[in-house]
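Please look over the model shown here.

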Amino acid sequence: MAWLDERLGRVTMYRLPTLGLSALAVVALVLSATGALFVEPGALLVSAAVAVAASVASAWLLALAFRTRAHTESAVITGLILLFLFWPTLEARYLGTLALAAFVANLAKYVLAWRGRHVLNPAAAGAFVVGLTGWDATTWWVADRWLLVPVLLLTALIVVRTRRYALVGTFVVVALVLVSVRLVVEGAGPGDALRTALVSYPILFLGGVMLTEPLTLPPRRWQQLVEAVVVAALLAVSYHVGPLYSTPEAALIVGNVLAFAWGQRGAVRLTLTRQTRLTPRTVELAFRADRPVRFLPGQYLELTVPHPRPDARGTRRVFSVSSAPAADELTVALTVPERASTFKRALAALPVGTRLRATGLGGDFVLPRDPEQPLLLVAGGIGVTPFASHLAAMAAAGERRDVVLVYAVTDHADLAYADTISATGARVLVLSPTSEQDGLPSGWVHLGERRLAAETLTEAVPDLTQRAAYVSGPPAMVDHTRALLRRAGVRRVRTDAFSGY
């Protein structure tokens, strides 16, 4: 799993659904050609061409109208999603309504957006509006027994990539249970009800592909779980009020509105004020925000850095904020390896004064409110950044907590934020191939040269099981450390994985 997680982290959250939905369309075409899927191959090909072409064309036209740049890959994803919501056809009338849905979906990205944040899932908005006209209705034909396994694989890849295990898991379980209960009440047997819910309802597609859309999610995990339950409940309920019918897209739209009420309702405009070399491989970027930015220590923001010829990893990435909320500047840090992505190279090369936009601000990698709760923080390399924010906030508030930080690096020269960490009085244990104590700040202790082991950690931190543990770093390191802590008896382990980019 760590191997898959690491490699999926190198694929942007636009490229993954683009490839996944394209592969799903190819599988559907093969199944329709063999007669397994009750869809005409020609109708599927034509509908796919119309959905994608209409989506891309409308995205470019709307971008011109709103004087901005079109996001072609986003438009392709929207078109592919709509393909699986409306029944494939060769009739001009219904192909026209499919194109209308694509246009409305892309229009929603502009008129149903607030300072860079989508209010509604674009594809759901397009499908919902077309349904209101009465000119066509969604069928969600993607919910078919022959497509169950491919959709399951696509959902699994997206969940691993986004680490939205709790969100999608909660939605799928609640939806399956509630739909099955409704079917049993209507007279179906329990086994048949569960099979029907799994095969004939678009639970996996709605949860894995659409509910996880990042620009429509609320910032905190508990809020996301509430949204998942609400959408699942509305999916299971049958209703008809005037022109409104119970449809999956309507359920998702209600969840989106709820999420928007919780979220950071606006893009954050930032001006780069300085670049500071923290270590030979790590650079800190400091920004001044146009207006106060509300966040909790340990949370993240997503930066957009437009640049020519971006590679497959795209122009938007997530960074943990390393500064305290009360600081005058908002800071993030990044390592710049020799073979960095185009995004990293572009970000590291930005001149002072550059204006950037951040969309999405949130996360649950926050410390317990109880200051008496002892803490164990485990950082791998650049994974120290959320802990820098935690510790800077403690120092700014004059708060003293019982904190042990295990800091794993490849060399003592890579230790970043040493002053911030030392200012809190935290006990620091360094894990690195450099065995000498030389180069370590005063009071810091070299824990060992090899990978962290349970015996080493238990000996160094005798009250390990009494501490709330937080682990941040590369996915493989995070997974290894979490399993190690569980075996050592630590009950509370919260993680934050930094995928490569």
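## Helix α3

This is a predicted model. Helix α3 covers residues 41-65 and has 25 residues. At 1.5 Å a residue it should span 36 Å, and its end C-alpha atoms are 36 Å apart, so the two values agree.

The buried residues of α3 include Ala43, Leu44, Ser47, Ala51, Ala54 and Leu62. Residues three or four places apart in an α-helix point the same way, because each turn has 3.6 residues. The buried residues of α3 pack against α2 (15-34), α4 (72-83) and α5 (92-111). Arginine 67 follows α3, with a positive phi near 55°.

## Helices α11 and α12

The axes of α11 (residues 221-236) and α12 (residues 248-262) come within 8 Å. They cross at roughly 155°. An angle over 145 degrees counts as roughly antiparallel, so α11 is roughly antiparallel to α12. The crossing is right-handed.

On the α11 side, the contact residues include Trp222, Val226, Val230 and Leu234. On α12, Ala251, Leu252, Gly255, Leu258 and Trp262 are among them. The contact is made up of 13 nonpolar residues, three polar and one charged.

## Positive phi in two loops

Tryptophan 140 is not a glycine, yet its phi is positive, about 50°. It sits in the loop between α6 (122-133) and α7 (148-162). Tryptophan 140 is buried, with a relative accessible area of 4%.

Arginine 163 also has a positive phi, near 55°. It lies in the loop between α7 and α8 (165-185). With 23% relative accessibility, arginine 163 is partly exposed.

How values were computed. Residues are numbered from 1 along each chain as its sequence is written. This is a predicted model: local features need pLDDT of at least 70, side-chain atom pairs count only at pLDDT 80 or more; totals for chains, interfaces and linings use all residues. Side-chain values use heavy atoms; hydrogens and water are left out. Helices (H or I, at least four residues) and strands (E, at least two) are DSSP runs, numbered from the N terminus. The expected span of a helix is 1.5 Å times one less than its number of residues. Buried means under 20% relative accessible area, exposed over 50%, partly exposed in between (1.4 Å probe, protein chains only). Contact means heavy atoms within 4.5 Å. Axes are lines fitted to C-alpha atoms, for helices over the stretch in contact, and angles run from 0 to 180 degrees between N-to-C directions. Angles under 35 degrees count as roughly parallel, over 145 as roughly antiparallel, 65 to 115 as roughly perpendicular and the rest as oblique. A crossing is left-handed if the near helix is turned anticlockwise from the far one by less than a right angle, and right-handed if clockwise. Ala, Val, Leu, Ile, Met, Phe, Trp, Tyr, Cys and Pro count as nonpolar, Asp, Glu, Lys and Arg as charged, and the others, Gly among them, as polar.
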